[in-house]
Each structure stands twice: as C-alpha cells, then as structure tokens.
Amino acid sequence: MKTEVVKKYLRLEKMPTVWCPGCGNGIILGSLLRAFELRGRSKDDIVLISGIGCSGRTPGYVDVHTLHTTHGRAIAFATGVKMMMPKMSVIVVMGDGDCTAIGGNHFIHAARRNLDITAIVYNNGIYGMTGGQVSPTTPYEAYATTAPYGQMEAPFDIVELALGAGASYVARSSVNDVPKLDEIIMKGIRNDGFSVIDVITPCPIVFGRYNNLTADPMKNLEWIRETTIPKSKAAKMSEEELRGKWITGIFRDREKPGLINLYLDLEERLSKPGSGEDKGEEA
Amino acid sequence: MRKVMIGNHALSYGAKISRAQVIPAYPITPQTEVVELLSEMCANGEMDAKFIKVESEHSAMTASIGASATGARVFTATSAQGLALMHEVLHWAVGARTPIVMGNINRAMAPPWTIWTEQTDSLAQRDTGWMQLYAQNSQEVLDSVIQAYKVAEAVQIPAMVILAAFVLSHTSEAVELPEQGKVDEFLPPYEPEYRIDPANPHAFGGLTGPDGYFELRYQIQKAIEDSLPKWDEVGREFGELFGRKYGLIETYKVEDAKNLIISSATLASTARTAVDALREKGEKVGLLRIRVFRPFPSAQIRSILSSVDRAVVVDRNISFGASGIFYQEVKAAVYNEKNPPPIFGVIAGIGGRDVTKKDIIDIYEDIMRMDEPKSDIIWKGVRL
Ligand SMILES: Cc1ncc(C[n+]2csc(CCOP(=O)(O)OP(=O)(O)O)c2C)c(N)n1
C-alpha cells in the first residue's frame, strides 16, 4: 500500500535518483509523498520548488508542478507563485546551505511575514552537491573540505532561527524516525502560515567519511540516532549533555494568519463600500 | 620545480606564489578545488593568508573589496551563477579601484541547470571594467595570476583570469612552479597609495554628483587603456625571468597567412592543431588567439587583419539578439579601416558541446566556400 502511494507521485521514468548510496534524501522524499497523500487533495494543486544542491534534485522526481531554481532563492520564487496562485499548496525543499547561507535572508523574511508555504530543509550539515564544504549548520569542530582542521565557527540552529524570526509552525525530525517525519511534514503542509521542517539527514559520502570516518549507511544513521534527542527527553538533560545534539519534535504549531491571506483580506476589505479608500475620498 | 596539477590548482598555486593575503570564497562546481586547496594551505600555514568562508558569492566579492581596501592582496574564484551574483559588486570593485585578482571558471548559465563550459558568464561582465584574460593551458593560468597582480596593482583595476570548465579546470598537466624568490622580485608587496589607515584617515565611496562622477569614470577608462602596453610589458618581463613570454594576443603561422582563424582559450588550442592540418593541405591559414579581452587589443588585431583576405571568429558564447561576442569586438576594431577583410562569425560549443579539430577544419572550409558573410552568426553543431 505505501509503495503504491509513493509511486502515484513519482516520475518513475526518472528513477534511479542521483543520490549516493546511504543518502537520506530518498527517505525524506518518501515522507513528503506520503504527506501529499495524507493531505487528501488532488496532486494537481501542489507546487514543489527547490533551490540547488543534492536536495534540489527532488522536484525532478515528483509528478506535481515543479520548479528547480537558483541557489538559495527557492523561497523568493515561491513567494511569486503563491501570491498569484494562493489556492495552491506551495512546498519548498532546500539544503541547509541553500536555506541558511546564500538564501538566509529570504528564509528569515519568509518567517517574519509568515509566508503561507512549507519549507523543508534537508539538513546534512554540509554542502553535499559541491563536494563537502562547510555550511552554516556544520557542527562546531566538524571537518569539511573548507575546514580541514575542523569548523571553528558556531552553527545555526534552524529551529531557533525560525522560531525567533516568527514562523507559525516549526518542527524537527530525523530520517531515522519515518512515521514521525510523515506526521510533521503533513502537519506543516496543513498549517496556513510559514511552516519550517528541519530534517536531520545523513550524507555518508562526504560528511560521513570526513566525520564518522565511514561512508557506511548504517553507521551514519546510528550517528544521527545518537545526536538527535526528542524534546521530552531533552527537557530532563543538562546543557552540557545537550551540547552538539539536535532536539527533535514540534516546537511551535500556532494558528496565525499567513501573509497571503492577510493580503487577500486587506484587498477584500478595501474593495467594500465604506472601506478606508472611500473614507479618504470623502475627507 | 615541475608539478602535475589540474587547471584549478594552477589558480590556487598562482595565488599562493603571488602571496595573496586574503581569500574570501564560496564553493561552486567547477571551481571548488581552487578554494579547497587554498583553504588547506591557509589553515596549515603553507600560506600566510586568511581564508574567509562567506555565505554567498556576493559576500565573497564584497569581503574581497573590504580586504583590498585595507591594502591586502586579495584572491577569490568563482564560476557562472556565482559570478552573476557578484555583478553589483564587480562594478564596485572597479569604482573603488581595488586590484583584486579572481579566477573564473567558464560555465554556462542556467536555466536549464548545467555545469559545462561556455564563456557567456564572464563576457556578460565585460562592461564592469574588470580586466579579463582567457588562458589556454594550466601553465598559462598559473603564470597569468602572477602577471595579473602586477598589472592590476599598477593601474588599480581588478582582473579576472578565466579558464574553461573541465576542459582545463579538471585536466592534469605538468606545470612549472616558478621559484618563490624570483616571483617576489617580479611582484613586490602591494603598496596602495590609499588604504584604510588609522594614521592617515580617508572616506571611501561617498556620494558624488554630476560635478565629480564623470571624471572618476574617465580615470577608470584611462587606467584600463594604460594597462594595454602594461600587459605586453609585464608578459615580456615575465618571459625574461621565467622563460615563458606572454602578450595581449598570441599568433600562430600568421606571417604568410592569407586567412585567419580567431579564437580564445582552449578553443584556440584546438584551432592551432586545425591550422597545422590545414597547412598540410596547402592552406595559407594562421591563428590569432585573443588572450586579453579587456582591455581589448584593437591595435594589435587591426595590424594583423590588415594583411589577410578573410577571417573567421569562433565564439563559444553568445550575446542574445546580436552575435558571438569576440566576433562583435573584432569587427568593431577594424570597421574604420580602409579595406577591412570580410569577417565571419561562428558560434560553436555552446553549453560545453565538444568542438574538435575536425569541427574547426570544417568551419574553415565552409567559410572559404562562401562569397561573403551573409549574417552575423554561422551556427556550428546545433541540432535542429
Ligand atoms: C550562486 C551559486 N553559488 C554556488 C552554487 C554552487 N552550489 C550548488 S549546490 C551548493 C550547495 C549545496 O549544499 P546544500 O545547499 O547544503 O545542499 P545539499 O547539496 O547538501 O543538499 C552550491 C554551493 C550555485 N549553484 N549557485
């Protein structure tokens, strides 16, 4: 049954994917497709938009409306699409570099305005596609091709960033917990405002080889299991114990009107007799 | 010392041996090896330089300008989308007169996404004021970085050293690494007249009205014009010291040539082998390789074109709505001459499609059968 669901949304002629053995991107893709199904509406009103990176290849495989766009700008492209097609479900998939380095400005402004789209970050802590340079989520002291002696800069916590900037739905999961991932993506898509889903995913070929000294898929998944802690458990742990760990769960799920809805409301209000405009003319 | 290296590493070693002090960079295929090696050499102390891991190419160029304003020698590298993202601050680097040297790996612009070679990315920046040099092999890449600093710092204008994606960036060649001591003699430390200096404060980049801006632009043009003889001078001096001489252009078998193939970068290397093959068939053909594109070596080109019957420019780039870009510029250079030869413009190898020796021979033989150029573009190899 689950395979059938996934197949319904795939461009099967594009298989196999370009992703490396052990890459977590396929697991996120599976969850995304099941969330599409759970959403319970036609796939023809979904627009899936990516920037560029390994994550950016996702729309190529999915049989909905798709746009593969420039590095870091997927959210800006999505803003244009959503404004003109407010009834569409607009979903953006990005790499951590895409989202928080080159596209960081679009990301925080989408959160501030509560733009009515869902942003899914494939967070592998590294620039996968270009071969393993540091990203803003590379853990402190982790190795990368541009940090051959360890990253000395502090990483971003995407959840904290999204919460601080005002997103109305913020969650994190890892690819190790697939049922949870299905659920948080589905909830994110259902939320009206800006939904941010940070997915911790392994990049065995670059991140894994540099940091876990192995490209073995299972060992890299185990590393993720050790570094992700559910919110409830984390509440009982000390700051020291939580250093270098990602806390998972839903951190905000709040009803708050999204930008596009506010805009449409304003348009409607102003077009009614006795609206602000008319008053202006009388004065 | 000879070392086998890829074209990208020739850029890195060029920056190292020129004693670049700051390298702000953002990764992009096919440039990544350039900055990965530099980040390693900055970290392990092989270079006395600082590597800045910025969040985009716009920041890479902006940090480069800031570092250059302190009086440091700055290097960065990028390609295609990255170069396009820098556009705003490419103008700034010129206006601020910061002699940064940047490597650009020629890659075709998206969409559709592609990573293969084409020159439209750098040529689209031709009006920013950056000097541009198109290299044909890894040795020239390395040597040109050193020369670029010498010219750039003399005229206070930034320079780009440009190489073809994969064809050059990722192929290995034996490259002679010049001796550090000799390079230091050739390229002394950068000493700008103006810099951020607590002992001698200045304001940079302030607002200017129509009463001042015009003259500043005039000075930029003058500086770039002054660089024309400098490129030849510096190339000659380099030759005396290191045994490899360079100039604004390179000619091959042009002395008795009736017809000329004009091209740049690795396409020109391929054209050279085509010239040999055509000569064997009895054709009086020569090659003109344009090495420095900005400043444009119009006088040199005019002088060579004055003695030929016809010429064909092979461009791996396009200015949409017009034609190949080297073709435009070559034609413009000879337009006011008394009897300029007919010039044919060929567009080939777009988006990295291979251009072989046979293709160049075909191009040459095709244009020899034509009476005159009938349009500004002859397409080679497009599948319709
Ligand atoms: C303007 C611009 N700069 C750089 C690149 C090169 N580039 C492509 S993907 C990428 C980063 C990939 O890392 P990330 O966004 O984390 O995604 P991942 O590949 O890990 O999924 C970079 C730097 C580009 N395409 N465009």
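# Notebook: helices, sheets and a shared ligand site

**Entry 1. Two helices of chain B.** I began with helix α10 (residues 265-280) of chain B, which packs against α13(B) at an angle of about 60°, the two axes being 8 Å apart. I am working from a predicted model. I wrote down both values because two packed helices are described by the angle between their axes and the distance between the axes. I noted the hand of the α10(B) and α13(B) crossing as right-handed.

Next I looked up which residues meet. From α10(B) I listed Thr270(B), Ala271(B), Thr273(B), Ala274(B), Ala277(B) and Leu278(B); they meet Lys357(B), Ile360(B), Ile361(B) and Tyr364(B) of α13(B). Sorted by class, this contact of α10(B) with α13(B) has 7 nonpolar, 2 polar and 1 charged residues.

Strands β13 (residues 310-315) and β14 (residues 343-348) of chain B pair in the parallel sense, over 5 bridges. In that pair, I found Ala311(B) opposite Ile343(B) of β14(B).

Entry 2. I turned to helix α1 (residues 7-17) of chain B, which packs with α2(B) at an angle of about 40°, with 7 Å between their axes. That makes α1(B) oblique to α2(B). The crossing of α1(B) and α2(B) is right-handed. On the α1(B) side I listed Asn8(B), His9(B), Leu11(B), Ser12(B), Ala15(B) and Lys16(B), and on the α2(B) side Glu33(B), Val34(B), Leu37(B), Leu38(B) and Met41(B). By class I have 6 nonpolar, 3 polar and 2 charged residues in the contact of α1(B) with α2(B).

**Entry 3. Backbone details of chain B.** Thr29(B) and Pro30(B) are joined by a cis peptide bond, with omega about 5°. I placed Pro30(B) in the loop between β2 (22-25) and α2 (32-43) of chain B. The bond from Ala110(B) to Pro111(B) is cis too, with omega near -5°. Pro111(B) is in the loop between β5 (101-106) and α6 (120-123) of chain B. I also noted Gln156(B), which is not a glycine but has a positive phi of about 60°. Its loop is the one between α7 (138-155) and β7 (159-164) of chain B.

**Entry 4. The sheet of chain A.** How many strands form the open sheet of chain A, and in what order? I count 8, in the order β2-β1-β3-β4-β6-β5-β8-β7, with mixed pairing. Its edge strands are β2 (65-68) and β7 (228-230) of chain A, and each pairs on one side only. The twist here averages 20° from one strand to the next. I picked out β5 (residues 169-174) and β8 (residues 246-253) of chain A, which run antiparallel and are joined by 4 bridges. The bridge partner of Val170(A) in β8(A) is Arg252(A). Helix α10 (residues 217-227) of chain A lies across β5, β6 (195-200), β7 and β8 of chain A, at about 45° to β7(A).

**Entry 5. Between the chains.** I found 18 residues of chain A in contact with 15 residues of chain B. The chain A side of this contact divides into 8 nonpolar, 10 polar and no charged residues.

**Entry 6. The ligand.** I counted 24 residues around the ligand, the closest being Gly53(A), His71(A), Gly95(A), Gly97(A) and Gly128(A). Why do I call the site shared between chains? Residues from chains A and B surround the ligand, so the site is shared. α5 (96-102) of chain A and α4 (80-85) of chain B each supply at least two residues of the shell. By class, the shell has 10 nonpolar, 11 polar and 3 charged residues.

Notes. Residues are numbered from 1 along each chain as its sequence is written. Chains are lettered from A and ligands numbered from 1 in the order in which they are written. This is a predicted model: local features need pLDDT of at least 70, side-chain atom pairs count only at pLDDT 80 or more; totals for chains, interfaces and linings use all residues. A residue is near a molecule or strand if its C-beta atom, placed from the backbone, lies within 6 Å of it. Ala, Val, Leu, Ile, Met, Phe, Trp, Tyr, Cys and Pro count as nonpolar, Asp, Glu, Lys and Arg as charged, and the others, Gly among them, as polar. Two strands pair if DSSP finds at least two bridges between them. Axes are lines fitted to C-alpha atoms, for helices over the stretch in contact, and angles run from 0 to 180 degrees between N-to-C directions. A crossing is left-handed if the near helix is turned anticlockwise from the far one by less than a right angle, and right-handed if clockwise. Two residues are in contact if their C-beta atoms, placed from the backbone, lie within 7 Å. Angles under 35 degrees count as roughly parallel, over 145 as roughly antiparallel, 65 to 115 as roughly perpendicular and the rest as oblique.
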